[in-house]
2 protein chains.
Amino acid sequence: MQEYPTSEEFLKRVEQMIVEENLLDRNEPTVVGVSGGPDSLTLMDVLNRLGYPLIIAHLNHQIRPEAWDEEEEVKRFAEDRGLRFVSSQVNVPEYARDQGFSLEEAARTARYQFLFAEARKSEAQAVAVGHTADDQVETVLMHFLRGAGLPGLKGMRSQALPNSWSEEIALVRPLLAIWRQEVLAYCRERDLEPVLDASNEEFTFYRNRLRHELIPILEQYNPEVRSVIWRTAQVLAGDEEVLERISQTAWERCLSVKEEDAIILHLTKLRQEVSGVKRRVIRRAIETLRPDFRDLDFESVDRASNFIDKPTRSFEMDLTAGLRLIMEEDRLIIAGWSADIPEGNWPQMDKDVDVLEISGEILLANGWIIQAEEVTDIEEAWEQAQVNEDPNQVWIDGEAVERSIFVRTRREGDRFQPLGMGGHTTRLSDYLINVKMPKRARAKWPLVSAGDEIAWVPGYALAHPFRLSESTKRAIHLHLKSRSHFAGNAKRL
Amino acid sequence: MQEYPTSEEFLKRVEQMIVEENLLDRNEPTVVGVSGGPDSLTLMDVLNRLGYPLIIAHLNHQIRPEAWDEEEEVKRFAEDRGLRFVSSQVNVPEYARDQGFSLEEAARTARYQFLFAEARKSEAQAVAVGHTADDQVETVLMHFLRGAGLPGLKGMRSQALPNSWSEEIALVRPLLAIWRQEVLAYCRERDLEPVLDASNEEFTFYRNRLRHELIPILEQYNPEVRSVIWRTAQVLAGDEEVLERISQTAWERCLSVKEEDAIILHLTKLRQEVSGVKRRVIRRAIETLRPDFRDLDFESVDRASNFIDKPTRSFEMDLTAGLRLIMEEDRLIIAGWSADIPEGNWPQMDKDVDVLEISGEILLANGWIIQAEEVTDIEEAWEQAQVNEDPNQVWIDGEAVERSIFVRTRREGDRFQPLGMGGHTTRLSDYLINVKMPKRARAKWPLVSAGDEIAWVPGYALAHPFRLSESTKRAIHLHLKSRSHFAGNAKRL
């Protein structure tokens, strides 16, 4: 890298990249973000010489007193070349405080918002920025040290569309294959005098340490380390593309409901995906709900992935970025803490308690009813009860319920003796956890009771003392039914 | 990491990993590679305490004079625990010289060959080695600095099957999630006195620099960098698994012929794969032909991938590991330099020249014939020639060929004036390149000539002077035909 390309060779290399990767079209304007540093000045000069119609855009970050001079300088550069110049001022320190961003993050966000707003205004095809091969290496290295998986290790792309700022206007980086030293040589040959030593030196302390301290150390381990890392990014981008394609299909397969602040995935389908794809579907859900959240680490994704395979007893997990995971039957819900999570169409009580006449019925929420009916043919009831596999209906011993039956919600201290568990009585709360009744459904789930005792948890089990026996003289048929088109097993809705 | 697990907790963690990842079975023996360093001593002690039946295997590398004492020590360790001990000696420095390996490479190869040979002899289920989480981090970092793409960045697996040494016996690493400091603490608690400071210190200079110099520096950038890198490897392994699965399908789709020293892929199908998958198919081909080649860099794979999309004029490329790429019609051949590459079923001459009687036929290699036939109905020949689209037959002007026709191979200085190119005469060699005749087929391709002049390149074009014209009084029909079941266009075979 001691011999630098001439400015003509430099032009040719950039043009080749633009053509090969189809970055820009000469018939439409391009917004170029120009800070005044060597990279962006070079980009402006090169694109102008190559005949691409440009709009030069500069954001004054108002961080340093020199910022106003710099703005003037960039303006002069543009006007000397007869190029349209647009600028804006943002008080970045203030913006950072307001948004809770770091100075770097705030400057970056303000800058791109400005550039894309200008691109929209002037109907530009793209926003071009001056990232070089060295920026790429630093980005990849930063992600490697912080841990970002493949999406981070693949670095920046020469063309990003869609990107975080637009679905239609591409973000392009025509200098991404060119080293900083080559840019500096170009500036020297073309007498371009950068306004800044390097762009945004102040608020990229970490990046500067990488650039000036760490990378030279790594070069002691492999003198070619920069090109190795650059090429690794290229190769990983190809891998990432394949994985993204697969994940897109998996996402479509697993996605069940998408709302403002909640996403519901099919749990069984998600579990069938191999772990690499499963992780990406989770990541995608988080990114969809929190598009601005930039600190997604793989620890969160990892914990979510483990939770899916081995849920905790509560079937809930705190995720990240103000999101939580909730598992309900075959649904995995990813939702904000205050999200109005779409309910299952469960049978739910509107009030605390209701009286169920025999024979008669009561109405529940979500289009459910519970019916009670005196059975006339005890023999037949006995036979039906023996073969019944529908958890939404039971036959109970009429003697055991005496006068009337209640349907009520759960109470502190409720106990339950499910049929077929050898007469073992448990706390109702434990029972509901064990049978995996959705947590959110528990408070208002209808319970059929006689006096204080629970006779039936509709959809789940009959209580042992209420079963039909050979001495039963009077039988009552209880039936939980849906009147909605969701008719089916209450547990599955 | 300042608090270390007690030896009991340590046991539990290893056992959990063995069970969760299904590494070992208590009913079958396991060969443990024990150098005498803290990692392998710990592995032996832990697996023994957990009740796995073990065979302790030690390879004496004969590099240092202490090697014999170390062998004795490891033997004593094993016998103290009532474990079977096996050992072998290899003169590693000599082996390295013979094989052209580095000392590290030679020691590694000799060691694994010994361990797997022992495992085969004793019908063991697996070979267990003592790699720790730190080894994993160092491996990943080494690959990152040298450039190895995802297959390198994913690091080592806790269970590798198949592996480079066996298709049936797994290589397992039960300590892969445990840090070196934890291993040392275990040794202290259990009074295990390592025979070596750390395994193989001598010939892992590069790795030791990473361990003692670079990683502490990286920790200044992120104190958690070791766990970050360890977790990155885990995540990337999941991604790699997905990609491997896809590449396997792509490999099956693209593979056409697999021979001793040559692989042929369907070019069109390969070109349809996205770049990440294309790269992996190429890598797979190289690995299949050169299973022992360990230095496959992505530069070679990259060049091959570019060559496939934009072949050079010669349609040949030097690859790596003594392999080359040859593009022939729809075939991509990857072959050793001296490989006997499977031929296309092209029409080829067995001798330099042959006389083609009119009417008559001559035999070519690979079951082809060329027929010449006097045409009786000139009008009909004219009409047929006008609509003919089959490059394997032509009608020529009988006046132009006078007495007889030759079929011969190419000669120095041959020129050719293809019909329909405005009477432009080119060198035959250029013409054959332009029409992409497979390079290997050119020397023996049959050329129909009259005197010295080429009248027809069968399968490609008629020469302009030999075309039928309105003044033609005598016409000859020439036909290239295959007698094999490959009948079809000569160019496509």
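This report walks through aromatic ring pairs and ring–charge contacts in the structure above.

## About the model

The model is predicted, so local features need pLDDT of at least 70, side-chain atom pairs count only at pLDDT 80 or more, and totals for chains, interfaces and linings use all residues. Residues are numbered from 1 along each chain as its sequence is written, chains are lettered from A and ligands numbered from 1 in the order in which they are written, and side-chain values use heavy atoms, with hydrogens and water left out.

## Ring pairs

Over all chains, the structure holds 15 aromatic pairs (rings of Phe, Tyr and Trp, the last by its six-membered ring, with centres within 6.5 Å; planes under 30 degrees apart are stacked, over 60 edge-to-face, the rest tilted). One of them is stacked: A:Phe144 and B:Phe144, 3.9 Å centre to centre with 0 degrees between the planes. This pair crosses between chains, from helix H6 (residues 133–146) of chain A to helix H6 (residues 133–146) of chain B (helices are DSSP runs of H or I, at least four residues, and strands are E runs of at least two, numbered from the N terminus). Both A:Phe144 and B:Phe144 are buried (under 20% relative accessible area, with a 1.4 Å probe and protein chains only; exposed is over 50%, partly exposed in between).

Elsewhere, ring pairs join A:Tyr112, A:Phe116 and A:Trp165 into a cluster.

## Charges over rings

The charged end of A:Arg26 sits over the ring of A:Tyr52, 4.3 Å from its centre (NZ of Lys or CZ of Arg within 6 Å of the ring centre and within 35 degrees of the ring normal). B:Arg209 likewise places its charged end over the ring of A:Tyr221, 4.2 Å from the ring's centre.
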